[in-house]
Amino acid sequence: MISKNIQLDEQGRLRHFLSIEGFKRQHLVNILDAAEPFANVQEQAMKKVPLLRGKTIVNLFFEASTRTRTTFELAAKRLSADVLNININTSATSKGESLLDMLQNLEAMHCDMFIVRHKQSGAAHFIAQHVSPHISVINAGDGCHAHPSQAMLDMFTIRRHKQEFADLKVVIVGDILHSRVARSQIHALTTLGVSEVRVVGPKTLIPSNIENLGVHVYHDFQSALIGADVIIMLRLQKERMQGALLPSEAEYYQQYGLTEEKLSYAKSDAIVMHPGPINRGVEIASSIADGPQSVILEQVTNGIAIRMAVMSQALGPKSPNGGKQP
Amino acid sequence: MSNLNISIVNGHIIDPANQIDQITDIHIQAGKIIALGDKPEGFQAQKVIDANNYIVCPGLVDLRVHLRESGHENEDTIASETKAAVAGGITSICCPPDTIPVIDNAAMVKLIRLKAQTEGVAKVFTLSALTQQLKGEKLSEMRALKNAGCVGTSNALFPVKSTLVMRRALEYASSHDITVFIQAFDPWLSDGCVHEGQISTRLGLAGIPVSAETIAISRDLQLIELTGARAHFCQLSSSKAVQLIQQAQASGLPVTADVTAHHLHLTEMDIAYFDSNCHVIPPLRTQRDQADLQDALKSGVINSIVSDHQPLDSDAKLAPFAETEPGISGLETLLPLALKMLDDKKMNLSEIISRLTIEPAKILNINEGTLGLGCDADICIFDPDCYWQVDKNKFFSQGKNTPFHGWELKGKVIYTIKSGDVVFLSN
């Protein structure tokens, strides 16, 4: 059974943004294109545009986050929307019932959009399935499932440095198993036509059947780096040392940490990315994180533009076809 | 109870226990089947049921029905869930011991039997806990529990971690001729909520690998060989599990196995975007596994189909996937889902009905699932050609948790008779 893609409305326009999966290439290109002018707005002295004036956007964070929440908040404010930040201790709403109760209360306050982060995979889908028809839900990270706006800001950053997606070899390194960022990146890269996506890590951190998502699996970092145009390092959570997934940070750095020596295997113009926050000396050497090939801070800046694009597409004035249907 | 003299006429009687597969009549007196074919001399039917174009078969026997939600009072559930059973053509159900409190003492067995007799409309059998409080540490008084009426023993969904305790439990059960029901999964590899594979990777949900099932089955098969115990493996979910059971049977071990109706017809792909109604344990696996389970049912390696009925509150499924409770409300879709095997695997009606009646009855060693003369008149009459749409809101069960809502299924129960009383009549 294929269920209906709840991310699009009847006219095929963006309604919820829950996962990259389910979008066609043109949808993604539209979001990237829409973000371009916003990226320029940010460089002007007057950063605000009135697209979402009168709309109320709720940051609903069931899991701590500083950067993602802040960039969503800034993006909403630059679109002239009102923003409400709600941080919820997950233990208070461990039952679905109270989660739904809380949503109903927020709906009663006439909110227009929920930005949701939750530790459980599928939480954003769950909320999207239960909100009133006028509300949009944006997934700001659900468990190990998806973080689509992060993936889109990464695509935006890649596009600004590399012209054609089709020609690229992209390497994603580290804890793929627990990474919602990696899953969304993989879907975005393959949807945009990237010719080769490689994932690298020990078997303990590579989920089974990942090849079905259209990627090549490597356990040896150096061979994966050969010919790479884009290197995406993932954050390694400290708790992975428990549960026998890895022996130690030191051994991880030795095998999968990005050093000057390893970077030399990639193309000379390769860019280095990281969704942050970085663990220096665990995933990546400081000299690279701060070096000329790093675009890590650019990613943060682009995050605002991409989130403005997604929010305005989901909530902004819609022409009948919106120019958004592929 | 009225216990009228009943004649069921013109029906197509299928009774695999007695190799009957023909259009004939059946006569019931004082709750017992007294004759097939011509009515006995002097018999006066007070009620005649015309079963023309219908199948008449023994009331179904369901090996695994959870009567109530854990932690909740059972005041109404024996009444409501046995009503759901008979609406599904099921007249005998077997309840695993993981009730609250656990069935590890004779008083609990008596309580359930009493409630079933006073409030229930289907026959309720129980399994005893294999170990005290299902903790996997000390043996339960399984002999006393057998005497109190338990028809087998099981540690339900709680794997016995200690190989030594499992060995002792099998030895002890075997000494008293008690069948051990095993839900095989390795406790260390089972900390997930979906099959480990494509879907767990795509959705970022923690996976349960096939080896969680096969490691546990392999260990227990070795212990069965060592101890000579008789065992029944519950709800196989994978091709490899089928292979292990097949090999064990071929080498002469006394083992049987069942499959749930939902594992016969659903795969991991049905989870789609986090459909919590497809959250079940063991998890739905691949298309290959599903096809091999169907084949094993046809070949007889798996000889019973169960509902593994678990009625849940609506709240239990209203949460992000991993936080939802696993389980399906399955009593009212068991028969039509089983009948779907007619088309899917070209099993014939008699083969399918045997796996819903006499085969599970044999596993429980109970005198059910047969239309033999002198047996209780437990009968299911269904229309094999009637299509109907599953509507969870019309379920008799308190659990509306079904992934089959909206499915068009073929085969509708018209009458259910238990001990000579009509306990369900379709409107």
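This is a predicted model: local features need pLDDT of at least 70, side-chain atom pairs count only at pLDDT 80 or more; totals for chains, interfaces and linings use all residues.
In soluble globular proteins, nonpolar side chains tend to be buried together. In the present model, the largest nonpolar core comprises 98 residues. Within this core, the residues with the most contacts are B:Ile217, B:Leu221, B:Ile224, B:Phe233, B:Leu236, B:Ile302 and B:Phe382. Two domains of chain B, domain 1 (6-56 + 377-425) and domain 2 (60-364), each supply at least three residues to this core.

The surroundings of B:Leu236 were examined with residues up to four places away in sequence left out of the count.

Between them, chain A and chain B bury about 2100 Å², of which 54% lies on carbon and sulfur atoms. The contact involves 31 residues from chain A and 22 residues from chain B. Six residue pairs are in polar contact between the two chains, and one salt bridge is found across the interface. This salt bridge joins A:Glu21 to B:Arg202, with the closest N and O atoms 2.5 Å apart. On the side of chain A that touches chain B, two or more residues come from each of helix 3 (96-108), helix 4 (123-130) and helix 6 (180-191). Helix 4 of chain A gives the most to this side, with five residues.

How values were computed. Residues are numbered from 1 along each chain as its sequence is written. Chains are lettered from A and ligands numbered from 1 in the order in which they are written. Side-chain values use heavy atoms; hydrogens and water are left out. A nonpolar core is a set of buried Ala, Val, Leu, Ile, Met, Phe, Trp, Tyr and Cys residues joined through side-chain atoms within 4.5 Å. Buried means under 20% relative accessible area, exposed over 50%, partly exposed in between (1.4 Å probe, protein chains only). Domain bounds come from an automatic or database domain assignment. Contact means heavy atoms within 4.5 Å. Buried area is the accessible area (1.4 Å probe) that two parts lose on being put together, summed over both. A salt bridge is a side-chain nitrogen of Lys or Arg within 4 Å of a carboxyl oxygen of Asp or Glu. A polar contact is a pair of N or O atoms within 3.5 Å; within protein, one must be able to donate a hydrogen and the other to accept it, and residues adjacent in sequence count only if both atoms are side-chain atoms. Helices (H or I, at least four residues) and strands (E, at least two) are DSSP runs, numbered from the N terminus.
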